[in-house]
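Please open the structure in a viewer and keep the sequence at hand.

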Amino acid sequence: MLFEIRKITFHSIQEFLREYLMIVVGILTALGLEHAIANRHHHRAAEQSRQQIVAELRANLDEICQTRERNIRWSTPLDELVGTLKQDLKSGRSQAEIRRRLQARHKGQSSIGFSIPTLRHAAWDVMVANQTAIHMDAAALHRGMTHDRHDGR
């Protein structure tokens, strides 16, 4: 920042007021421009954060749907196993015979498990760290997220 110190001698109150007014207007102009630039930067950062959160939510929703489908596929062999066991138990077969039948049927290829989605939250963490949440329009953010949710999923 450059400071220019000049010796000013005022010959009248009018000269003093004119000089004072020029200084005040200059400072107010600089503060106004700085505020406008900062405000624009904050709103851009908030919009970018909103877009990243929406993208992250979409990715989370996709992963939840894929995980659900994978778990349904994985549950089919388990359902078959349960059905076979029920039939064998109802028919009065021995444990050894049931074990042999299951081993023959699955030949060591069956496994039981399920998948849990990994939900991302990095965009939310970045938004909190950057403090852009305070610059977001809550109604626009809500509209954006609910609008994106109705895209046929």
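**A buried charge**

Begin by selecting E56, which is buried yet has no salt bridge; R120, the nearest side chain of opposite charge, is 6.5 Å away. The model is a predicted one. E56 lies in helix α1. Now display the residues in contact with E56, leaving aside neighbours within four places in sequence: R120, H121, A122, A123 and W124.

**The nonpolar core**

Next, select A46, I53, A123, M127 and M136, the five residues of the largest nonpolar core. Two helices, α1 (13–91) and α3 (122–130), each supply at least two residues of this core. In soluble globular proteins, nonpolar side chains tend to be buried together.

Which residues is M127 in contact with, leaving aside its neighbours within four places in sequence? They are S49, I53, T132, A133 and M136. Of these contacts, I53 and M136 also belong to the core.

**Further along α1**

Proceed to T84, which is likewise found in helix α1. Is T84 buried or exposed? T84 counts as buried because its relative accessible area is 9%, under the 20% limit. Not counting residues up to four places away in sequence, T84 touches R101, L102 and R105.

**A nonpolar surface patch**

Finally, select F10, I13, F16, L17 and Y20. These residues form a nonpolar patch on the surface, and together they have about 520 Å² of accessible area. I13, one of the patch residues, is found in helix α1. With a relative accessibility of 62%, I13 counts as exposed, since the cut-off is over 50%.

Technical notes
Residues are numbered from 1 along each chain as its sequence is written. This is a predicted model: local features need pLDDT of at least 70, side-chain atom pairs count only at pLDDT 80 or more; totals for chains, interfaces and linings use all residues. Side-chain values use heavy atoms; hydrogens and water are left out. A nonpolar core is a set of buried Ala, Val, Leu, Ile, Met, Phe, Trp, Tyr and Cys residues joined through side-chain atoms within 4.5 Å. Buried means under 20% relative accessible area, exposed over 50%, partly exposed in between (1.4 Å probe, protein chains only). Helices (H or I, at least four residues) and strands (E, at least two) are DSSP runs, numbered from the N terminus. Contact means heavy atoms within 4.5 Å. Lys and Arg count as positive and Asp and Glu as negative; His and the chain ends are not counted. A salt bridge is a side-chain nitrogen of Lys or Arg within 4 Å of a carboxyl oxygen of Asp or Glu. Patches are made of residues with over 30% relative accessible area and no salt bridge: like charges are joined within 9 Å, nonpolar side chains (Val, Leu, Ile, Met, Phe, Trp, Tyr) within 5 Å. Accessible areas come from the Shrake-Rupley method with a 1.4 Å probe; for residues, only the protein chains shown count as cover.
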